Amino acid sequence: MDEADLTVAAVESVGTDTVAVEVESPPGFTAQPGQFVKLAFETADGPEARFYTVSSPDVEGTFEVTVEVDPRDDVGALLDGLSAGDSVRVSGPFGRNYYDGEDPAVVLAGGPGVGAAVAIAERALADGHEAVVVYRADDPVHAERIAALREAGVTVAVPDTDAALTAAVGSALAEHGRDSQLFVYGFAPFVDAATAAIEGAGGRTDAAKVENFG
Ligand SMILES: Cc1cc2nc3c(=O)[nH]c(=O)nc-3n(C[C@H](O)[C@H](O)[C@H](O)COP(=O)(O)OP(=O)(O)OC[C@H]3O[C@@H](n4cnc5c(N)ncnc54)[C@H](O)[C@@H]3O)c2cc1C
């Protein structure tokens, strides 16, 4: 989709400094969990663009992105102030590191990368597939969706150290097989930690689907 002005359907706080923004899907829009869209903003300093990963299991009617906001930042303040009925300029989707029906899906997430993780796990469940989420966090967000995934039988580990991250990846690969499809979503320091954890657990980083947020 080329740049289009879409309507915000809902904005919900899902944890500390994090909002889930639900946007009305235009006709014919398709995107997979793990792909990302570009949001364009007009700020006092001129046009700014940011990428946000789809955090809904599908895009029927609406799609969602999970955004870590810094209210001191111009774009962060704009995102923090969004509400239903507002318009946002969106293009995409972009990216090849998305869920494509793999079974099982082992998803490693840090920071706002948890949006992709919950979306992939929900989509895998809907497809009758298995998913494991390893979410490195000191202050986890999306608590309700994580609780619902656990309730549905998905293993969700929330390690708060890099050592615990390696142990959790090791458990997931031991249980589901070292050839399980791995997905990694988050900022560069997390991607580095996740890559080290996969190697430490004897997993394959070359076949992992990795989206580095910068
Ligand atoms: C493919 C892709 C997908 C993305 N998906 C999401 C998403 O789903 N949700 C989301 O909130 N953001 C996502 N981002 C990041 C987002 O687009 C912005 O780049 C990010 O919010 C940083 O904004 P900024 O450019 O103002 O950098 P600043 O806020 O000025 O930050 C400067 C640098 O600090 C680092 N940084 C910023 N925040 C963090 C953090 N929390 N942890 C570690 N390092 C950090 C980054 O390297 C960044 O470039 C994605 C980025 C990419 C490239």
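What follows is a conversation about charged residues in a predicted model.

Biologist: How many salt bridges does the structure hold?

Modeller: The structure holds 10 salt bridges. Side chains of opposite charge can pair when their charged atoms come close.

Biologist: Why is the contact between Asp73 and Arg50 called a salt bridge?

Modeller: The N to O distance between the side chains of Asp73 and Arg50 is 3.3 Å. The cut-off is within 4 Å, so the contact counts as a salt bridge.

Biologist: What does the pair of Asp73 and Arg50 tie together?

Modeller: Asp73 lies in the loop between strand E5 (62–68) and helix H1 (74–80), and Arg50 lies in strand E4 (residues 46–53), so the pair ties together parts that are 23 residues apart in sequence.

Biologist: Why does Asp73 count as partly exposed?

Modeller: Asp73 has 27% relative accessibility. Partly exposed lies between under 20% for buried and over 50% for exposed, so Asp73 falls in that class. Arg50, at 25% relative accessibility, counts as partly exposed by that reasoning.

Biologist: What makes Asp70 and Arg72 a salt bridge?

Modeller: The closest N and O atoms of Asp70 and Arg72 are 3.0 Å apart. That is within 4 Å, so the pair qualifies.

Biologist: Is Arg72 buried or exposed?

Modeller: Arg72 has a relative accessible area of 77%. Exposed means over 50%, so Arg72 is exposed.

Biologist: Why are Glu122 and Arg145 called buried?

Modeller: Glu122 has a relative accessible area of 19%, and Arg145 has 17%. Buried means under 20%, so both residues are buried.

Biologist: Which residues gather in a patch of negative charge on the surface?

Modeller: Asp17, Glu68, Asp80 and Asp139 form that patch. Asp and Glu count as negative, so the charge of the patch is negative.

Biologist: Where is Asp17 found, and why does Asp17 count as partly exposed?

Modeller: Asp17 is in the loop between strand E1 (4–15) and strand E2 (18–24). Its relative accessibility is 45%. Exposed would need over 50% and buried under 20%, so Asp17 counts as partly exposed.

Key. Residues numbered from 1 in each chain as written. Predicted model: local features only at pLDDT ≥ 70, side-chain atom pairs only at ≥ 80, totals over all residues. Heavy atoms only, no water. Patch = residues over 30% accessible without salt bridge, like charges linked within 9 Å, V, L, I, M, F, W, Y side chains within 5 Å. Areas by Shrake-Rupley, 256 points an atom, 1.4 Å probe, with all protein chains shown as cover. Charge placed at Lys NZ, Arg CZ, Asp CG, Glu CD. Helix = DSSP H or I, 4+ residues; strand = E, 2+ residues; numbered from the N terminus. Buried < 20%, exposed > 50% of the residue type's maximum accessible area, 1.4 Å probe, protein only.
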